[in-house]
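Visitor: I would like a close look at a single part of this model, namely the open sheet and what surrounds it. Please give the cut-offs behind each term as you go.

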Amino acid sequence: MEKIIDENQQGNSLVLEQNKNNNRKLYIESYGCQMNFADSEIVASILAKEGFNTTQSMEDADLVLVNTCSIRDKAEQTIRKRLEKFNAVKRINPKMKVGVLGCMAERLKDKFLEEEKIVDMVVGPDAYKDLPNLVQEIDEGREAVNVLLSKEETYGDIAPVRLNSNGVSAFVSITRGCDNMCTFCVVPFTRGRERSRDPQSILGEVNDLWSRGFKEIILLGQNVDSYLWYGGGLKKDFDKATDIQKATAVSFANLLELVAEAQPKLRIRFSTSNPQDLTVDVIHTMAAHKNICNHIHLPVQSGSDSILKAMNRLHTRAEYFELIDNIRKILPQCAISQDMITGFPTETEEDHQQTLSLMEYVKYDFGFMFAYSERPGTLAERKMEDDVPEEVKKRRLTEIINLQRKHSHYRTQQHLGKTEEVLIEGSSKKSDEHWMGRNSQNTVVVFPKEHYQVGEFVNVKILDCTTATLIGEAIGYSDNN
């Protein structure tokens with residue numbers, strides 16, 4: 001639940017530039033969070049060196065891969081249906097091999113390979129460098145599996161290909177794994193312990209993206225604020241570091257500053273933040289650099305202290321409010337978005353009202369809201385009874401969504417009459433005569449195309465709004481071009 005899941009991106013197949021020397025075809029679909037989509041770029045880069053070109057035609061593929069998510073039951077059911085489809089095609093094209101990557105692969109390896117026999121290969125999120133060996137195994141008629149979790153792997157030495165990119169924005173992974181044992185979340189069990197990537201490899205990737213014309217990067221991690229580089233090693237082992245390592249360690253605030261100063265005209269976003277780890281120095285760093293966008297995705301999950309404790313969220317309602325107050329004071333123009341789970345085990349009506357009152361206090365710009373569904377392998381599934389009736393969950397979720405819509409409209413209305421810098425990403429979904437881009441607060445802005453082009457920074461006067469979109473007209477280029 002800690003990562004943003006863009007429903008519009010689910011199941012996208014990925015395509016990159018063809019290498020005429022490659023003679024095998026790879027079809028790869030991605031589901032789940034931004035981390036999974038970034039991982040698919042790493043996989044495609046590795047397999048491109050093994051003779052694979054990507055294709056959007058599954059029927060023509062020699063190797064079909066699905067990068068999976070275990071966060072929500074809906075995603076898991078969707079992936080199972082896709083595997084059924086792949087196997088139907090496989091009966092027509094017997095040479096085709098099917099593999100499962102990512103979080104669901106690690107958790108269901110035995111079921112996929114041995115019980116249901118629906119895949120040839122299972123590859124966990126830390127084993128992508130082993131793909132050349134695993135592909136050779138399945139080529140020779142054997143099943144292949146590697147789901148070992150690593151304490152070191154960050155893929156910092158792999159230059160990801162940019163798949164289906166708009167050429168404007170790119171993901172840059174800075175951490176892997178997670179040490180937060182939230183009881184609703186399976187990520188620590190599927191992606192392993194938290195480790196950070198060498199800041200020099202991050203800067204190298206950022207500089208390369210800038211040289212190739214990208215205008216915006218999104219720094220990614222299960223919990224970016226927990227980034228800590230002290231020469232390698234797990235975050236939890238930092239207390240064993242030498243005095244020199246501790247003195248020269250790079251925190252997330254340090255990394256953010258390094259990236260911002262390396263490319264002052266490059267827009268910088270990051271996701272996801274955890275309330276217990278977001279420090280005031282990060283907010284001050286954002287305020288000091290105009291190329292760091294004014295948006296923080298700050299999942300709270302619940303407004304009730306008792307539910308936060310049951311979720312093993314290591315912050316209280318009061319501490320969250322203090323963090324919100326600091327953001328509002330240091331960075332008044334900052335947009336704040338949320339993740340919210342309703343109907344978690346033991347949640348009472350009073351707990352639910354606490355969530356609604358927290359939302360009233362913050363008035364989030366937008367959010368991602370879900371009714372709790374029990375996820376196999378989580379602490380909640382093992383130790384808690386899913387005791388909130390479905391009809392109660394649905395009613396509470398509806399109330400949360402309705403309140404968020406009200407607050408989203410309140411926030412978009414605050415932009416009316418202002419002139420804001422927008423980075424053009426592409427055509428509007430509703431009109432080929434309008435561009436779509438985002439302002440610093442990550443709000444979608446649409447405006448007439450005129451002579452402007454994708455990838456340009458444009459000053460747009462905001463004239464109208466919906467609950468989620470700003471509507472305006474361009475008044476000229478910004479000084480960021």
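Guide: What follows describes the sheet, then the core, and then some aromatic rings elsewhere in the chain. This is a predicted model, in which local features need pLDDT of at least 70 and side-chain atom pairs count only at pLDDT 80 or more, whereas totals for chains, interfaces and linings use all residues. Residues are numbered from 1 along each chain as its sequence is written, and side-chain values use heavy atoms, with hydrogens and water left out.

The open sheet is formed by three strands in the order β8-β11-β14, with parallel pairing; helices (H or I, at least four residues) and strands (E, at least two) are DSSP runs numbered from the N terminus, and two strands pair if DSSP finds at least two bridges between them. β8 (169-173) and β14 (267-271) stand at the edges, each with a single partner strand, so one side of each has no neighbour in the sheet. Neighbouring strands of this sheet are turned by 25 degrees against each other on average, direction ignored, where axes are lines fitted to C-alpha atoms, for helices over the stretch in contact, and angles run from 0 to 180 degrees between N-to-C directions. Strand β11 (residues 216-220) is joined to β14 by five bridges, the two running parallel, and Glu-216 stands opposite Arg-267 in β14. Across β8 and β11 lies helix α7 (residues 199-211), which runs at about 170 degrees to β8; contact means heavy atoms within 4.5 Å.

In the largest nonpolar core, which has 50 residues, Phe-252 and Phe-270 touch the most other members. Such a core is a set of buried Ala, Val, Leu, Ile, Met, Phe, Trp, Tyr and Cys residues joined through side-chain atoms within 4.5 Å, and buried means under 20% relative accessible area, exposed over 50%, and partly exposed in between (1.4 Å probe, protein chains only). Leaving aside residues up to four places away in sequence, Phe-270 touches several residues, including Ile-218, Leu-219, Phe-252 and His-295.

Elsewhere, the structure holds seven aromatic pairs, meaning rings of Phe, Tyr and Trp (its six-membered ring) with centres within 6.5 Å, counted as stacked for planes under 30 degrees apart, edge-to-face over 60 and tilted for the rest. One of them, Tyr-452 with Tyr-477, is edge-to-face, at 5.0 Å centre to centre and 75 degrees between the planes. Tyr-452 is buried, with a relative accessible area of 4%, whereas Tyr-477, at 40% relative accessibility, counts as partly exposed.
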